[in-house]
Amino acid sequence: MKHFLRMFFQVCLYFYCKFLWRCLKFVMRKLTGRCELQRICYNTKPGASRTMKIETSLRDSKSKLLQTSVSVHPDAIEKTIEDIMELKKINPDINPQLGISLQACLLQIVGYRNLIADVEKLRREPYDSDNPQHEEMLLKLWKFLKPNTPLESRISKQWCEIGFQGDDPKTDFRGMGLLGLYNLQYFAERDAAAAQQVLSDSLHPKCRDITKEEISKFSKAEWEKKRMDKAIGYSFAIVGINITDLAYNLLVSGALKTHFYNIAPEAPTLSHFQQTFCYLMHEFHKFWIEEDPMDIMEFNRVREKFRKRIIRQLQNPDMALCPHFAASEGLINM
């Protein structure tokens, strides 16, 4: 019976989407004198709410012109809007605001797709120690994070001081390629004070007081370990690469559309993505402290919990990840 009801619901949903929804749009146009794009632009405030509705309307349209408009080259957007207005029989002189609103939305939609391509290109490019530019970026990362400590040699145990796993950091960039290095350097350079504080916290153990209630939950050996454990200790660079992976997956899945459509007046850029990485690093650090894990072995649990919290936040169409620190000063909440 449950299987039958499920199948019946799916058939009804398909019928609604295929026929009734198009009939409803036709009726609404006759009643209001406006097409769906006009109704969205005039009745929905700027930002993610409007842009995501426009994107869905264009993508689901039966018109090939509208379907392909979400993937045109940025230079072709103005001509595409003219074609859309002509197709929909909309007079641009009578509806000047519609063209402006559509252009802003298409710039965001096309820009998001292009941003994914740019980020993917960096992720796929491996770190090459024979490439002078790659080496220069890596050495700059050290200088930004440890300005008062010279690096003794390119291959050195010192790299562990900023959270790499071995003598040569290049092996740690395999998963995220150059994207991991780009993000770490951006954070260390653009928000130096915060990056150095996070690095310092990640290195130094903090002995904390244990309450009587907490003592009762652990054996003597366990609470001694808990009391002296590095409650906020982790490998800074490795976590940065891991958070890069989180930011990348949020971008590719489309979860970050809410954020970027709310903060980028036009096309989101790589700088917006890197600012988002800074925010995630900053927030993950605070989240790690709040979670107060027993040890680093709880990292995956804490990271997954943090990921779910960010996704919940991004499900709010008005959400913009706007942290109050230096790297985000250029963000604009529309």
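Predicted model: local features only at pLDDT ≥ 70, side-chain atom pairs only at ≥ 80, totals over all residues.
Let me begin with a term: in this talk a residue counts as buried when its relative accessible area is under 20%, as exposed when it is over 50%, and as partly exposed in between, with a 1.4 Å probe and protein chains only. By that rule D292, with a relative accessible area of 19%, is buried.

Residues are numbered from 1 along each chain as its sequence is written, and side-chain values use heavy atoms, with hydrogens and water left out.

Now the overall picture. The secondary structure of the protein chain comes to 15 helices and zero strands, where helices (H or I, at least four residues) and strands (E, at least two) are DSSP runs, numbered from the N terminus. Of its 334 residues, 44% count as buried. The accessible surface of the chain is about 18400 Å², and carbon and sulfur atoms hold 56% of that; these areas come from the Shrake-Rupley method with a 1.4 Å probe, and for residues only the protein chains shown count as cover. If we take contact to mean heavy atoms within 4.5 Å, then among the contacts in the chain with a separation of 6 or more, 66% are between residues 24 or more positions apart.

Let me turn to helix α14, residues 270-291. Its 22 residues should span 32 Å at 1.5 Å a residue, and its end C-alpha atoms are 31 Å apart, which agrees; the expected span here is 1.5 Å times one less than the number of residues. Within α14 we find T276, which is buried at a relative accessible area of 1%. Apart from neighbours within four places in sequence, T276 is in contact with L256, H259, F260 and L321. Just after the helix comes D292 again, which takes a positive phi of about 50 degrees although it is not a glycine, and which lies in the loop between α14 and α15.

For comparison, K89 is another residue other than glycine with a positive phi, in this case near 55 degrees. K89 lies in the loop between α5 (77-87) and α6 (96-124), and, with a relative accessible area of 74%, K89 is exposed. As background, most residues other than glycine have a negative phi.

What about the aromatic rings, and how many aromatic pairs does a search of the whole structure find? The search finds 15, with rings of Phe, Tyr and Trp (its six-membered ring) taken as a pair if their centres lie within 6.5 Å, and with planes under 30 degrees apart called stacked, over 60 edge-to-face and the rest tilted. One of them joins Y234 and F284, whose ring centres are 6.5 Å apart and whose planes stand at 65 degrees, so the pair is edge-to-face. This pair links distant parts of the chain, since Y234 is in the loop between α11 (220-228) and α12 (236-253) while F284 is in α14, 50 residues apart. Both partners are covered: Y234 is buried at 7% relative accessibility, and F284 is buried at 1%.

F306 sits in helix α15 (residues 299-314) and is buried, with a relative accessible area of 0%. Its C-alpha atom and that of F287, 19 residues apart along the chain, are separated by 7.2 Å. Leaving aside neighbours within four places in sequence, F306 is in contact with L246, L280, E283, F284 and F287.

Helix α9 (residues 192-203) has twelve residues and reaches 17 Å from its first C-alpha to its last, close to the 16 Å expected. Its buried residues are A194, A195, V198, L199, D201 and S202. They cover an arc of only 165 degrees around the axis, which puts them on the same side of α9, the arc being that of the directions from the helix axis to the C-beta atoms. Their cover includes α7 (132-145), α8 (177-190), α12 and α14. Helix α2 (residues 36-43) is mostly covered, with six of its eight residues buried, namely E36, L37, Q38, R39, I40 and C41.
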